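The exercises below ask you to read a structure step by step. Please look at the sequence and the structure before working through each solution.

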Amino acid sequence: MPSDHSSPADAPSAPRGYRAVFAVREFRAVFAAHLLSLLGVVVSELALTVLVYDLTGSPLLSALTFALGFLPYLVGGTLFAGVADRYPARRVLVTCDLVCASCVALMVLPGTPVGALLALRCLVAAVSPVFTGTRMAALTDILGEGDLYVLGRSLLRIVSQSALLTGFGVGGLLLAALSARGAITITVATFLCSAALLRFGTRHRPARSGREGGALLGESLAGARAVFADRRVRALMLLFWVPALFVVAPEALAAPYADEAGLGPAALGLLMCAMPVGHIAAELYVGSVLSPRLRSRIVLPVAALGLLPLLLYALRPGMALTLAALALAGVGAAYNIGLDQWFVDAVPESLRGRAMTLLTAGLMTLQGVGMALAGLAAEFFPVHVVVAGSGALGTLCVLPLVIGIRRTAPRDDTGNGTGDGAGTVPGSEERTEVRDGEDRQVPHG
């Protein structure tokens with residue numbers, strides 16, 4: 001089937017870099033949907049936390065509202081991963097948005113009890129990894145499996161990080177003007193707009209697995225076993241997960257660290273912003289300036305060194321050095337751009353939706369676990385020691401993964417190992433054609 005957009009390699013005058021990604025009409029729809037739903041989710045999380053506190057007066061239940069954004073990811077991502085490959089991607093994405101819109105609409109009803117609010121929050125979180133995994137796999141249909149896909153994923157990550165900087169500010173302004181339920185109502189509209197953009201802005205494509213029968217749970221678990229049975233795919237997935245487990249410590253402990261260091265509320269805001277700013281700046285630089293080959297070559301060194309800036313906390317540095325350490329830790333996340341390409345090359349297309357759903361579920365779950373473990377450790381040790389220890393322990397855990405990934409690097413056409421993992425597998429060339437077929441973060445990551 002002919003492509004509905006041309007490869008940059010075939011058109012010398014075509015836009016390059018991030019501009020080339022935005023030149024693809026379907027991606028613009030996906031990007032706008034992601035932006036709308038993500039801002040809506042951040043606003044609703046803040047508003048729901050306020051609403052639960054207003055109803056109960058319990059700080060524990062209010063904090064639990066945030067925690068429930070992480071915990072169901074593992075359940076939803078494991079048990080429902082088969083949905084991503086079993087049904088057409090567009091149908092899955094639109095259905096997930098409509099389910100989330102329905103859940104949020106029920107939250108707005110005045111008679112909804114607190115237990116139901118928390119249960120609905122869990123359901124939205126359980127749906128999220130299915131949505132995100134399906135969307136990640138769908139990007140390979142829309143953008144191909146090469147550089148455009150990598151840059152498209154990068155743009156979605158940048159939006160997610162930017163939401164951390166702007167979403168809570170917007171939510172605070174809305175809560176100043178509206179009630180908590182009024183602010184949550186806005187999220188219903190964002191989910192519905194996202195569903196409309198995906199329904200009318202993307203093409204219909206057939207399901208990856210080619211069948212819709214059989215037990216969904218069995219298919220999901222079989223996909224998980226197949227994904228983790230592959231040594232390279234398993235190692236690549238762990239390289240996404242393990243740094244995320246440890247890098248959340250300074251953000252989780254920002255408030256007690258500011259108190260320990262005698263810093264004020266303004267300093268707390270800067271501490272929360274420093275890591276996302278470093279991440280966004282590095283992602284933009286790597287995506288805009290470095291070639292695909294250079295992005296591939298920096299993956300393992302940057303992953304191995306990315307947590308080391310947190311060791312500066314051991315010195316109990318002043319505000320300037322603390323912000324620098326956090327920004328550098330954010331810069332370390334830029335290895336994900338090259339890692340995205342390795343992952344999509346390593347995963348068979350028939351498993352891609354399930355693999356990416358599991359990737360999202362594990363990533364979000366381990367971030368929640370990391371926050372909880374950092375808080376637990378801070379009950380027994382000074383905060384600066386916990387953060388520095390996270391950097392040291394995380395680095396020790398990442399190094400064996402780096403070695404394992406280098407050993408499983410694919411071989412080039414001559415049969416020699418590439419050494420840096422930059423090799424390709426058949427069919428993984430930088431292409432932008434879509435799959436044959438008829439006209440595929442919610443907290444989407």
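**Exercise 1.** In which crossing, left-handed or right-handed, does H6 pass H9?

Solution. This is a predicted model, in which local features need pLDDT of at least 70, side-chain atom pairs count only at pLDDT 80 or more, and totals for chains, interfaces and linings use all residues. Residues are numbered from 1 along each chain as its sequence is written, and side-chain values use heavy atoms, with hydrogens and water left out.

Begin with the geometry: helix H6 (residues 89-108) and helix H9 (residues 180-201) pack at an angle of about 165°, their axes lying 9 Å apart. H6 and H9 are therefore roughly antiparallel (an angle over 145 degrees). The crossing in which H6 passes H9 is left-handed, a term for a near helix turned anticlockwise from the far one by less than a right angle.

**Exercise 2.** Find which residues have the most contacts inside the largest nonpolar core.

Solution. A nonpolar core is a set of buried (under 20% relative accessible area, 1.4 Å probe, protein chains only) Ala, Val, Leu, Ile, Met, Phe, Trp, Tyr and Cys residues joined through side-chain atoms within 4.5 Å. The largest one has 110 residues, and those with the most contacts inside it are Phe27, Leu143, Ile184, Leu239, Leu339 and Phe343. Helix H7 (residues 114-143) gives the most to this core, with 13 residues.

**Exercise 3.** Describe the place of Gly353.

Solution. Gly353 lies in helix H18 (residues 352-378), and Gly353 is buried, with a relative accessible area of 0%. Although Gly353 and Thr132 are 221 residues apart in sequence, their C-alpha atoms are 9.3 Å apart in space.

Key
Axes are lines fitted to C-alpha atoms, for helices over the stretch in contact, and angles run from 0 to 180 degrees between N-to-C directions. Helices (H or I, at least four residues) and strands (E, at least two) are DSSP runs, numbered from the N terminus. Angles under 35 degrees count as roughly parallel, over 145 as roughly antiparallel, 65 to 115 as roughly perpendicular and the rest as oblique. Buried means under 20% relative accessible area, exposed over 50%, partly exposed in between (1.4 Å probe, protein chains only).
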